[in-house]
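Trainee: Could you walk me through reading a model like this one? I'd like to go feature by feature.

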Amino acid sequence: MRILLAIIVFLFLIGCSNSESFTPPNTEESVPNDSVQIDPIVIEGMIHFANGKVSLGTNNKNFKESERPAMEVILDYDFYMGIHEITCGEYASVAKKAKLKTFKKCENDSLPLTDITYYDAILFANAKSKLENRDTVYSYRSAIFDEEKHCTDLEGFAFHPGIEGYRLPTEAEWVYAATRAWDVKKSWNNENSEYKLHTVCSKGADSAGFCDMAGNALEWVSDWKGDFRDTTITNYVGAPSGEDLGERVVKGGCYSSSEKELNPYSRGDIYTVTSSTRAEYVGFRLAFGNIPNALWMNNDGTSQTSVITPLAGIETIKKITGSYNVKLAFRNDVSGNIAYIDYLNGSMSVKEITKNTDSYHPEISPDGNWIVYCTGFEGVAGKSTIYVQSLEGEETIQVKLKAESATIPRWRVLENGDTTIVYVTDAGSNRNKATFKSTSTWQVKFMDGKFGTPQKLFDGAYHGGISEDRTLAVSGAQLLRARIAQNGSSVTGKANDVVWYDSAQACNVSLSQDGTKRTTFLDFAGKPGKDFVGENYSTHARLFIADSTGKLIHSIRAPSGYTFDHTEWSTDGEKSIIVASLTNTNGAHSKIALINPEDNSITEIVEGDELWHPNLWIKKKTSKSSSDNDTLPARPAFELDPDSAGIYYNTSGAHDRADQWRYKMEFLWKYKDTANIVIIGSSRTYYGINPLLFSEPYFAANLSVSGNHQKASYHFLTQYVLPHVNKLKVVIKDIDLDRWHTVSSGIFRSAYTAYPGYVYDKNHNYWKGNYPEGLAEAAYDAPGSALIQGVLRPTRGYQERYAHGWGKPTTNHDSTWLDELRNNYYDNFDYLVKMIKECQKRDIIFIGIITPENPHYKETGAFGKHGLRRSEATSLIAEINSLSEKYPNFILMDENKMGNHDYTDEMAFDTDHLAGAGATQLTLRVNELIKTLNIHFEQ
């Protein structure tokens, strides 16, 4: 290994050579560094770089939108890059010493380690750092593994670029290293690889000393996939989050890529790449070193020096709150904006929802659809303005309350059902009684996105809340004040204004809304608090709870090294918890935590630089209402388990299409009594059939999922669709025979066990003949992806793609695969026959569609994207078509016609998928075919 390293270093020193496919940008100039230069350490198997400049992306319009425009990145630090991809042998050695989970064995130890998730690579990097007694670059709360021992999720995952240790390279580092001597002539690609991995460095090193930067295996890099901008950014480390889609960047192409496809601009794979994605051609190489002053860049072009990291996944949130339907809002004091996490959205992306308004004290409306906030905050006197905006949609407009001064708003639902906002005129110190009485508490109705006319409730700024029965109001900004209704009246009528807590200093007051009228607050280590807990403590180190009379009943100590701030009650109507900021010893509000007063547990849920004024919204539990004759409805024969029913998605990431499956399951239950046409299959029908274009009396639902296979479709059809879609007359499925080299159960093989809904269904025989009322509603309200939801719900499961043209007819597999995988092909063929037969038993038509692929495959030896000899495809199609002789309910619709079709470039998304116009043409043709079948459709 030392000899190889010496040779590589020598090659690196003698210069660079450019390939014919790509010319590296002229970015060799170093970035000035005024610090004292120290000779770099030698790390075996790695090459050292000291500062540089690199261009990410390109201005060439022939490249994907995500790869444009060109963006300059300055790297003003030292780092090391691995000479080659991590091998199976290297992984095995570290895994044994560090007690990492081990995967299936490779053919030999010198092959790149592939078929691993992003998180697998992260755990390896951490383990290597630990073995060398270094700090770890990545932190997390807990790890989730699938049945094959791959890590599918790291709850609370965070990247700490300032720590020196082993890690994945950033995209900028990877491109900088790769473009020192990019050379596709030394790559394993689809012309020479035989569509399989090869020993690392078996093609030799490029002139910079690196092996396999192009080809062999695609490589994970550290970055979330964000947009590029026409700008220059220093020490770029990607987007701050994966947004709703959770996309990661992979680089370098693989053994199935053509030389023309190998370039340093490419950032992805055929399908969306997420942290839990695995593929037999995706591996990684390591980088080493810290990144000082790292910058993340949002898609709007703004950069930030830190990120806000969710520390708890939806399962943890559910355990604490009792609900999946939870939202968290808080002030990011670094930006001055309100940030927001919707835990029902499985990606848990942190979004800043206010811009150009210094915003404080957010509170989410009772229905979860609106958020109110103000420009002033507790303890500071002066004028403030209140705004409300919707949480629905990407861009929402601020609605301003017309009031001279309004601050610390709180939502309230009146007995008549009106939704109002209670606010105060000033949130300054309430110690002086006369000054306090000069302030007042107001209420304003809010309906249909508009404010009503504000009404004064009473004197005094009682911004800690009003009890549900309107008999108590509280306030705290130096003193803990209470307004108590007299003789069973309301605080808006006759009431006594008193001071609780022996007039000791108190703040961050919040009144519970669960009927108990408990008040939580913080103090300044005053005598009443010390007497109650029986010990000394520091300011805000204790959270106190008082009953409806002001008597102390409970106290909770802050975690070691922290104090509390910004405490607020949260409730689902039955169970109540407290959300608070945690302040570290430097005074920074670095975390948000949930505090359960029942067991004193404290769970950290978010981490950042300065997180203020958290507000936790939990969907209210609704009790059964009485009917007109005051009798309660009969109790259902079966009561669904809320922890399992309809939960087809979470953050475990056990399957990379779980987000799509989750909504297809929702549509299954939602349309089971209305759909008479169901589309199943893979991405070719997912993007290719639009249910909304079928004419009456047809009602279609698209239940296809990207990457799906025959065996998974068979399971879904027989266990879910046929037993439950009561009016079903037609099943439409893609016949993608070029993909029949693989037999896979997909999510139904083992990944389904990570999602309670599927296990629950299986344990109840998939509800055959016994559909439980409420399952459709449970599936609708379950966790999911906001992005996928927004695309699929309006279209009944269809996703439109924009036209990019057919492009070049590339293949991912050797066209001769049928020679070795004929058994796989006929296993898939048999599953097709089984599906046809099951439909025949129920008098259901089964339409199989060979969807159009790139017509330029006629100029190659391949049938389509996934290979298969053209010379063999004709007879295989004829064999499929002949099934209609034995099964009259089967119709083969060949829209590909061996490439002799009329689907133009304007109708194509890529080489084997249709764009919107193509989907329209295909759907209308299927619609016309069904009209000719004289099927009786129930109205």
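Mentor: We'll take cores, a strand, a helix and then salt bridges.
This is a predicted model, so local features need pLDDT of at least 70 and side-chain atom pairs count only at pLDDT 80 or more, while totals for chains, interfaces and linings use all residues. Residues are numbered from 1 along each chain as its sequence is written, and side-chain values use heavy atoms, with hydrogens and water left out.

Trainee: Which residues touch the most other members in the largest nonpolar core?

Mentor: General idea: in soluble globular proteins, nonpolar side chains tend to be buried together. A nonpolar core is a set of buried Ala, Val, Leu, Ile, Met, Phe, Trp, Tyr and Cys residues joined through side-chain atoms within 4.5 Å. Buried means under 20% relative accessible area, exposed over 50%, and partly exposed in between (1.4 Å probe, protein chains only). Here the largest such core has 84 residues, and Leu56, Val73, Trp220 and Phe284 touch the most other members. Its top contributor is helix H3 (residues 118-131), with eight residues. Apart from it lies another core of 71 residues, including Tyr686 and Trp817.

Trainee: How are those helix and strand labels assigned?

Mentor: They're DSSP runs numbered from the N terminus: helices are H or I with at least four residues, strands are E with at least two.

Trainee: Okay, strands next. Why is strand E16 largely enclosed?

Mentor: Seven of the seven residues of E16 (residues 326-332) are buried, so the rest of the structure largely encloses it. For its neighbours, the rule is that two strands pair if DSSP finds at least two bridges between them. E16 runs antiparallel to strand E40 (residues 611-618), with six bridges joining them. Six bridges also join E16 to strand E17 (residues 337-342), again antiparallel. Look at Asn332: its bridge partner in E40 is Leu611, and in E17 it is Asn337. E16 and E17 form a hairpin with four residues between them, and Gly336 in the turn has a positive phi of about 80 degrees.

Trainee: And a helix? Which residues of helix H11 are buried?

Mentor: In H11 (residues 756-763), the buried ones are Gly757, Tyr758, Tyr760 and Asp761. Seen down the axis, they fall within an arc of 160 degrees (taken from the directions from the helix axis to the C-beta atoms), so they line one face of H11. Their cover, by contact (heavy atoms within 4.5 Å), includes helix H8 (658-670), helix H10 (710-724) and helix H12 (775-780). After H11 comes Asn765, with a positive phi near 50 degrees.

Trainee: How many salt bridges does a search of the whole structure find?

Mentor: The search finds 47. The criterion is a side-chain nitrogen of Lys or Arg within 4 Å of a carboxyl oxygen of Asp or Glu. Take Glu219 and Arg285, whose side chains meet at 2.8 Å, N to O. Glu219 lies in strand E8 (residues 218-224) and Arg285 in the loop between strand E11 (282-284) and strand E12 (287-288), so the pair ties together parts 66 residues apart in sequence.

Trainee: Are Glu219 and Arg285 buried or exposed?

Mentor: Glu219 counts as buried, at 0% relative accessibility, and Arg285 also counts as buried, at 0%. Now try Glu404 and Lys383: their closest N and O atoms are 3.6 Å apart, and both residues are exposed. There's a network too: salt bridges link Lys104, Asp115, Asp146, Glu148, Arg278 and Arg749.
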